[in-house]
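Here are my notes on this one, in the order I'd go through them with you. Have the viewer open as you read.

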Amino acid sequence: MFELFCCLQPFGRVSMVVASNVSRFEGITMASPDPILGVSEAFKADNHELKLNLGVGAYRTEELQPYVLDVVKKADKLLLEKGENREYLPIEGLAAFNKVTAELLFGADNPVIKQQRVATVQGLSGTGSLRLAAALIERYFPGAKVLISSPTWGNHKNIFNDARVPWLEYRYYDPKTVGLDFEGMIADIKAASEGSFILLHGCAHNPTGIDPTPEQWGVIADVIQEKNHIPFFDIAYQGFASGSLDTDAASVRMFVARGMEVIAAQSYSKNLGLYAERIGAINVVCSSPEAAARVKSQLKRIARPMYSNPPVHGARIVANIVGDSALFKEWNAEMEMMAGRIKNVRHKLFDSLSSKDKSGKDWSFVLKQIGMFSFTGLNKAQCDNMTNKWHVYMTKDGRISLAGLSLAKCEYLADAIIDSYHNVS
Amino acid sequence: MIISRFLRRGISTSTSPTRRWSWWDHVTQALKDPINAVTDAFLADPCPYKINLGVGAYRDDEGKPVVLQCVREAEGKIGATNFLESTSTAISSKLVEESAKLIYGEDSDVIKERRFAGIPALSGTGACRIFAEFQKRFYPDSTIYFPDPTWSNHRNIWGDAHVPDRTFHYYHPDSKGLNFLALMDDVKNAPDGSFFLLHPCAHNPTGVDPTDEQWREISSLFKVKNHFPFFDVAYQGFASGDVERDAQAIRIFLDDGHSIGCAQSFAKNMGLYGHRVGCLSILCNDKIQAVAIKSQLKQISNTMYGSPPIHGISLVSKILSNPDIKALWLKEVKVMATRIQRMRATLREALERLGSPLNWQHITNQVGMFCFSGLTRAEVDQLAKEFHIYMTHDGRISMAGVTTKNVDYVARAIHEVTASDRDTKILHNIGAYKAYTFDPGGKKDRTGTGAVI
């Protein structure tokens, strides 16, 4: 190369024919497919008429169609009519959105809000908000670990890995009971080195659907306080678990009421169906307004070199809905309807399983679990049977998304589950 | 660090609500972003005739933000269907395809053979960041070369991706133009196979662009050195008013067979600032490699924010793929660029009419939204304090903030604060001033390279 250059006139045009560059990205291999999104792709490729997609946690109507909330259509129309400008939002996002999102989670009358002790920054849905928090942890608590439930949402590990934050698992799911391994969970949280971050699902645990009871939440809070850990809530389903936005925020509010400093990531992907608009927030409840201001400034410092400032459209929609009492009421009603449909489907599935299965197996976990997902307890081979024989698409950990199930298909699904459970090992 | 963190913690088993938590005690207040800080200062100023020449966001001749008509038309056509996540993938692919055609040329080989990997990105910043992370992942020991100066956020972007940066000469403070010889020297002296960030048109913050001939020479040298050029395309259409013209630098590199990457932003040229729409593309050998690279880019973005918001993607996709709306857009871009060119000429004329003996040619030589005025930090501060005119500390003026109504005032203010420079020049001309002492950072320092990071 050097000899070649010496032969040329200084800065003269190279007149020789140069073979087209071999790409310097030759060695780049295909990234492994996302396990959740990969299910939808496989489903699309299947032509069987009875196929059922219980993969992605995206709400579907009884007719198994995607659903745009009426309240969102209204808010969108209002925006179109208003014709507001498209200027940059501040780095921390739309002020009106930040205000209502914190109030929605903590309650408008919560002292932490009145005392301005919450640093709220608009994020790109749950993922983006988690990533901002992870970067904050990496920067200010180097070496500190995040404890995540076993199992947890698949992308949690990826987010912390890419943010260079080490993580450990705490026991959560008990396959024997298809319920919560509470003792294991408490023991593992206790065993973690002091000052760890404990990632908790505020409600409707993904993927299991298994939530601690209020009493259990109290004990979890005790242990976290005892060990000087910091609670880090991921709230992706506020409203979707019980149908009530307030009820679903109870766990977070309990911790905050104890005076604990708390991190909480929110998403409006599911409860407002705004998946594609990427709207959420990261909240850090601090012991003083001054600390909250400092933390907020650092979250902004992290966001600026990631995307400069967050997108405006989804923020305006949420601000309009949550900030308008009529629209907010409508939203509450639609939320109850969606959560209600899922509860009905759970009941129908439970009834179908109980009546069709003569083995006496206890299927009540279907009723006890909450939210969009159910952990069936099926192992990988059984899940494969679900797909290969019955054309039921689900993730290999045994998770089914009830949001993708209709009342009409419950009996078929029950047959599939019973067959897979008993006849495949 | 960890020990001191524990020392700060009150270790107590009490659940009394009066116990003070101290988790965040060691978190200091972050420095304000230098560009946003200008806007903050402007907003805080109660003066009724204040002028914001800070952020590079287009304003019309009334000083108002503009929503382009093509955007309104596209929005009318989109409706609520874009909320359905099932159609998101198709719309995203369309956005990438149209963006690639726009920058590489519809008839280029890379387009015909689909030899590119692309993903929608969160405007230019997001596209740069994904690329920086990708570069780190596959070339962990590499550095990135920035022009000196460059947009202040570039350093933060590659920095947060843990890629160290270097600079190459670019702006010549005396000529207020391109320091071409030094640039070529630095490109030559960089180790073979280095990564370079280039502004293909309307360089930010200087407005100084290489000529086509200079681009050809740069491209040739890059070929010899096997460097990787990454283009930050934030102003396609804004420089000359013609999107094809503004893509020339990239087309030159394509002709030379380079493997390149592009970060495209639609914030300025479509006025979609708040929607965060852009595209990251990387040229590949073939379709198979394109699939592999795309999968890696998606994986990086999946852990950062999932995917960009569909509203903006839908808008850009519609504007670029609908021939009528696209034609309207091209007209509107030309209007915006033309107004800025007119303001450049008007400002320069006004200064010359005031009798300023200083050379203000650079106002019209420089291209795009920004003018690197050559004003010193002290002069910039004086403009803010005395005249309520705000710009970044490096003397960068956003010409988009200049209007027919305020241009005379701006000219007068600049004329006033450069009084001592004028005196210096007059004295110099009549030979009384013996030596021009090099005084970096002082009043006489006109390097304009005090770019705040």
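1. Although not a glycine, A:Asn228 has a positive phi of about 60 degrees. Helices (H or I, at least four residues) and strands (E, at least two) here are DSSP runs, numbered from the N terminus.

2. Before going on, some bookkeeping: this is a predicted model, where local features need pLDDT of at least 70, side-chain atom pairs count only at pLDDT 80 or more, and totals for chains, interfaces and linings use all residues. Residues are numbered from 1 along each chain as its sequence is written, chains are lettered from A and ligands numbered from 1 in the order in which they are written, and side-chain values use heavy atoms, with hydrogens and water left out.

3. Each chain has a cis peptide bond to look at. In chain A the bond from A:Asn206 to A:Pro207 is cis, with omega near 20 degrees, and A:Pro207 belongs to the loop between β7 (197–201) and α9. In chain B a cis bond joins B:Asn204 and B:Pro205, with omega about 20 degrees; B:Pro205 is in the loop between β7 (195–198) and α9 (212–225) of that chain.

4. Now the sheet of chain A. Seven strands make an open, mixed sheet in the order β2-β10-β9-β8-β7-β3-β4 (strands pair if DSSP finds at least two bridges between them). β2 (118–123) and β4 (167–171) are the edges, each with a single partner strand, so one side of each has no neighbour in the sheet.

5. Inside that sheet, β9 (residues 262–267) and β10 of chain A run antiparallel and are joined by six bridges. One bridge to check by eye pairs A:Ser267 with A:Gly280 in β10(A).

6. What does the contact between the chains take from each? It takes 91 residues from chain A and 106 residues from chain B (contact means heavy atoms within 4.5 Å). The two chains bury about 8600 Å² between them, 57% of it on carbon and sulfur atoms; that is accessible area (1.4 Å probe) lost on being put together, summed over both.

7. Five salt bridges link chain A and chain B, counting a side-chain nitrogen of Lys or Arg within 4 Å of a carboxyl oxygen of Asp or Glu. One of them is A:Glu87 with B:Arg59, at 2.9 Å, N to O.
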